Amino acid sequence: MKQLIEQNLTIAVSRFLADRNLHPEKLPAIAIDHARDTQHGDLASNIAMLLAKPAGLPPRVIAEGIRNFFPATEGLERIEIAGPGFINFFLAKTAYLQIIPDILSDGLNYGKSTAGKGRKILLEYVSSNPTGPLHIGHGRGAAYGSVLANLMQVAGYDVTTEYYVNDAGRQMDILAVSVWLRLLQLGEHPDLGFPSNAYQGKYIEQIAKDFVSTDTALPKADIDALSCLLALSIDEDKKLDQIIAYTRSTLGIKPYETLFDFTLGKILAEIKQDLLEFGVSFNNWFSERSLITSGAVASCIDTLQANGDLYEADGAKWFRSTLYGDEKDRVLIRENGQMTYFASDIAYHLNKFERGFDEIIDIWGADHHGYIPRVKGAIAAVGKDPEKLTILLVQFATLYRGKQKMQMSTRSGEFVTLKELRNEVGNDATRFFYVTRKSEQHLDFDLDLAKSHSNDNPVFYIQYAHARICSVFKQMHDRALDFDQQLTVEQLTPLTEPHEQNMIKALTRYKEIIITAATNREPHMLAFYLRDLANDFHTYYNSCQFLVEDINIRQARLCLIKATRQIISNGLGLMGVSAPEEM
RNA sequence: GCCCUGGUAGCUCAGUGGAUAGAGCGUCCGCCUCCUAAGCGGAAGGUCGCAGGUUCAACUCCUGCUCAGGGCACCA
């Protein structure tokens, strides 16, 4: 209906201009919007005001002219000119009643569109380092990414989701060493020291215990030498590197890898399980190590070298990212010969480009924003188009326990895990809470509040609307009342109450909300929409009885609320939130 | 110093250049013999951080300032 009006408006505008013999150089975009106020009709256009200047006529005169030239349109009741020159369209009742049979016949599929034109999208998100359990900060990216993926899929994009596993590099070595030291402490050396910058979390001890139960023998350590190393008073990071080297040489390549893989496997399994329970799954789990072993990283470096984008300084190999707009050149290979994560990130992004996507989206924590110019620069340097890469930043969640701000650090082990949060607040409320905020907005998450007043969470309000509708249908069955959901538009005309008109208008917005939320990458729009829809429903519920004597009114109302239930259920589904039948 | 976000009701936040700026929580007053009161209605509460500019029209776009959070490693 909206498209039809828009189309006819375009015709009316050109007829009007031709009639007046006007040929403005630049024709403003002809757009139609849903009127915010019911007094302003159903749809409204500001075109007359936009034309005022190019046409050199007062907006109201233009509006009148457009109205006179407007083609006869079925379903359009009348056109009003209002305010400074708005053209307001009032639709015939039957025109917008059509939404109800549309929703009921499409059911679970209602809301799907082809707006995305099947564009192939690679969406990478979470990609937390497998050095410990997911914490509350990762949860936000997980919820945001998965809802966005759902939205884009429904809006007609071809979405592939991916988790990049940093299963190589120094952090992973630190992790393996952390487990080994805990192993030794569990064995015959309970008094052995533990570096302050190794992973302190309790889960490290658990992994060590699990390893013990596998009965895998590791080469004996020279404890005196190790103790001396641990007691050295040198730079903590240098010391840690020495301990890593010591661990490697003591254990030997094979046993070291065994321990390393065991640890990685444990943590990765934990993360996968955690995400699965949170309703987040990925098409691909992409291994960083695979890029190194396949030689992709090395060949990337060769390419950059050949292009003259690399140079050596201070014993390290640098990428000249300043040539591509970065504020500083970046190291790819450190003085000690180890590659930085940036080196494999370049290879990873090149790999993404080579897989032939139309657009590549990365969701990162906001603290990584300084990383954007160097990655885009590197993409340009290897001959790809950085414009195809979109990086969405999700601001961190700041955690409070009451008034107390909590520090979070995976290294120190002081953090609230996503799992803890889910267990205490519930999956539904957690997901909804994360997404009910613009992603670039800081999120103050008060744990005490979220946990103690979980019933105040808006998610229950929406779920409650769904449960109430289900309950009405249960009553209907109990009382053996007739209901035919195949009503025609004419049979729906008993829906004359103002609250009913509001509901119907709210339902018509759903499809557009999905498309806008998907294209703008703003899943929170759906959360707010569902909240509004639930509000409309609760208001309706309080003002009208559905299971009335009059069969015509009853059936029409039941169709309306059934369509509402469908939208709530579809919308919550996209958010990964359940739609319970009773509460 | 440079970069990214944000500043809207007491608090937490929506608001895609349009008509009288909205919601939740909190406060106050009402509504269950009736489909779930985890609900509904009403009231109070605003110089949309400040100052300019663009526009017929600015919370929305631009510039400057200010305040708050974050980022500026041979860490990730």
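The model is a predicted one, and its chain A has 583 residues, of which 50% are buried.

**Overall architecture**

- The secondary structure of chain A consists of 22 helices and 15 strands.
- The C-alpha trace of chain A extends over about 95 × 65 × 40 Å along its principal axes.
- Among the contacts in chain A with a separation of 6 or more, 74% are between residues 24 or more positions apart.

**Helix α21**

- Helix α21 covers residues 524–543; at 1.5 Å a residue, its 20 residues should span 28 Å, and this agrees with the 29 Å between its end C-alpha atoms.
- An α-helix has 3.6 residues a turn, so residues three or four places apart point the same way.
- The buried residues of α21 are H524, L526, A527, Y529, L530, L533, A534, F537, H538 and Y540.
- These buried residues pack against five helices, namely α6 (136–154), α17 (427–435), α19 (458–478), α20 (498–519) and α22 (551–575).

- Strand β8 (residues 310–313) runs antiparallel to β9 and is joined to β9 by four bridges.
- One of the paired positions links A313 with its bridge partner in β9, A316.
- Two residues lie between β8 and β9 in the hairpin that they form, and D314 in the turn has a positive phi of about 50°.
- Strand β9 (residues 316–319) is covered on both faces: A316 and W318 are buried on one side, and K317 and F319 are buried on the other.
- Strand β9 is also joined, by three bridges, to strand β10 (residues 330–333), and these two strands run antiparallel.
- Within β10, R330 is the residue that stands opposite F319.

**Strands β3 and β4**

- Six bridges pair strand β3 (residues 76–82) with strand β4 (residues 86–91) in the antiparallel sense.
- The bridge partner of E80 is N88, which lies in β4.
- Strands β3 and β4 form a hairpin with three residues between them, and G83 in its turn has a positive phi of about 55°.

How values were computed. Residues are numbered from 1 along each chain as its sequence is written. Chains are lettered from A and ligands numbered from 1 in the order in which they are written. This is a predicted model: local features need pLDDT of at least 70, side-chain atom pairs count only at pLDDT 80 or more; totals for chains, interfaces and linings use all residues. Side-chain values use heavy atoms; hydrogens and water are left out. The expected span of a helix is 1.5 Å times one less than its number of residues. Buried means under 20% relative accessible area, exposed over 50%, partly exposed in between (1.4 Å probe, protein chains only). Contact means heavy atoms within 4.5 Å. Two strands pair if DSSP finds at least two bridges between them.
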